[in-house]
Amino acid sequence: MRQKIHTLVALSASLLLGTSCNDSFMDRQPHTEIGVESYFNTERDLQMYCYGLMNTPGYSYNSDQGTDDQATTDMVLIKNIMASPNPTSVTIDAGWDWERLYDINFFLANCERANVTPEVLAHYQGVARYYRAAFYMDKVKTYSDVPWYDKVLTTDDPDLYKARDKREVVVQHIFEDYEFAAQNVQTGQPKGAIDKWIVLATLARHALYEGTYRKYHPELALEATADEFLRKAADAAWQIMQEGGFSIYNTGNPYEDYYTLFNSQDLTTNPEMIQARYYENDIAENGFWAYMFGSYIPCPTKDLVQAYLMADGSYYSSQPGYQTKQFVEEFQNRDPRIYQTLAYPGWELIYTGTYATGAGIYVQELSKNFSGYHQIKGFINSKDESYYMGIDFPVIRYAEVLLTYAEAKAELGELTQDVLDETINVLRDRAGMPHLTMNPPVDPVMQAAFPGVESTLLEIRRERRVELVFEGFRFDDLMRWHAGKLLEKEPEGLYFPSLGKFDLTGDGIEDIYLIPSSEDIPAEEDKETNALGKKLAYYRTGTIDDQNATVYLTEGDHGVILTIKDMGTFEEPKFYYRPIPNHEMELNPNLGPQLFGWE
């Protein structure tokens, strides 16, 4: 057993509330290592240790990179695997990290020393077991079978070299932890701390994942047990819906309310926040800078743009010539969430630090590997540092719980119009969109992406994509739905019918000029000026193999922008999993053999 624990109190409320530690608090405990016997004595000790375990993710603009939502040339693992001629356990070696589990089990092994009531002890045990469940769920998603440890391992413990436990064994333990936490973690916790509702929401999220994964992945041979987890997901979500007191943030402004969730300085009273990260300017800043408008990637895809419904609730694919609509037309009469997620024609960029085109009415920069679309969800469009550094970040929204409940009920064959009205249609009400009804007409584009899935469930999947986009769900969703093949499609961007001048702001005045790759871009003084007195932006256009081109179009002189030549091949079922790193297998041969064709 570990005889010393590193100082965790220094992490204290700075991790919990997003506020920095102050001297008076730091003086309450030694700043050096302290012994177990002098630490696990009071509720405060338990609380501080659990705060030290907190690893709440912040909002990230690149959470969905490498999926069909977000093109990128960054070093995304799945993209590198698909493009590699021979990925193996030697070349893929990330993720096999167990230090966090040691810290969690260390707490559970020592927390009973504290002089606290049984209810208080059970609460903190529940928090730690919640963390352990979440830790192991990430491992199961990655490797499927992993060794289960619920004790502190010493260097001479033979279990250090145990074999992997089967997925079904590990998952059983995971949900035992979650269910203990759901029964014992209390409500009414300090701002940002783990409470009962966070536990239930995460339980529902992971039960939905496991249930649908088992249903759609025959290589596991666990289809018969899928409903057990779908039921857990539905029940946990329903408990939150009935007892949690949460609601969808809706002031009646469908063109602002969704955007506001990601641009608020104070989410503490927002009824949709089950979990958030809270920040204060000059105390605990969120570290925001203009990622999305700094001429950086990743960038949204045309596939995502086409996923949004029309304002009347019809499918975008039902529009005549939808595949060749240009940028301005793409954003006409759409689900209002598209205007709160993506930069649209006529949108004004205010805060810019490095974006080449500068502030003003949005005219996107076109370049190699850029799709021509930009994300504004989560972008804080203000020059006021005291404002943007204090923006709070959502972590778990009630919207996700509603989507989980609807999907779980659909997968269980228990979906009704009442369920849709309690879930999907509450979200559509905020967006000012028509309600979803049972058995809608099939969208052929969605059907092609997910063959064999009935139409109402397809629309629930669409709603999930649109509502939760760029919040880090898309990759997991595609994996659990057995839809990895969708990652093979090369991400596309704007469509241009020809070379020449084009309006990108919607005012009818040309902003850019596409010329053949064989021509030179004129000197600045020789560039044409539009009716607004602004120089046109020139781009040399060609195919993706054309080294002289600055913008790649599928046909060279027309077509959609391509951001990458070849995404590679998604090998099923192999690429739904990762191999255990080779050096770990050498240390512990009992971990072998590798699963699903990995070497």
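View 1. Strands here are DSSP runs of E with at least two residues, helices are runs of H or I with at least four, and both are numbered from the N terminus. Two strands count as paired if DSSP finds at least two bridges between them. Strands β11 (residues 512-516) and β12 (residues 537-542) run parallel, joined by five bridges. Look for L514, which stands opposite Y539 in β12.

This is a predicted model, where local features need pLDDT of at least 70 and side-chain atom pairs count only at pLDDT 80 or more, while totals for chains, interfaces and linings use all residues. Residues are numbered from 1 along each chain as its sequence is written, and side-chain values use heavy atoms, leaving out hydrogens and water.

**View 2. β4 and β8 pair up in the antiparallel sense, over four bridges.** Find A276 and you'll see its bridge partner in β8, P394. Strand β4 (residues 273-277) is mostly covered, with four of its five residues buried (under 20% relative accessible area, with a 1.4 Å probe and protein chains only).

**View 3. Here's the largest pocket, with a volume of about 1,500 Å³.** A pocket is an open set of points on a 1 Å grid over the protein atoms alone, where a 1.4 Å probe fits and protein lies on both sides within 12 Å along at least five of seven lines; lining residues have an atom within 4 Å of a point. Grid points are joined across faces, edges and corners, and the volume is the space filled by probe spheres set on them. There are 46 lining residues, and D138, K141, R205, G472 and D476 lie nearest the centre. α6 gives the most to this lining, eight residues.

**View 4. The second largest pocket holds about 550 Å³ of space.** Its lining has 30 residues, with D303, V445, A449, R465 and K489 nearest the centre. At least two lining residues come from each of α11 (302-307), α17 (444-449) and α18 (455-468).

**View 5. Over residues 1-33, pLDDT (the predictor's confidence in each residue, from 0 to 100) stays under 50.** Across the protein, pLDDT averages 91, and 91% of the residues score at least 70.

How values were computed: Contact = heavy atoms within 4.5 Å. Buried < 20%, exposed > 50% of the residue type's maximum accessible area, 1.4 Å probe, protein only.
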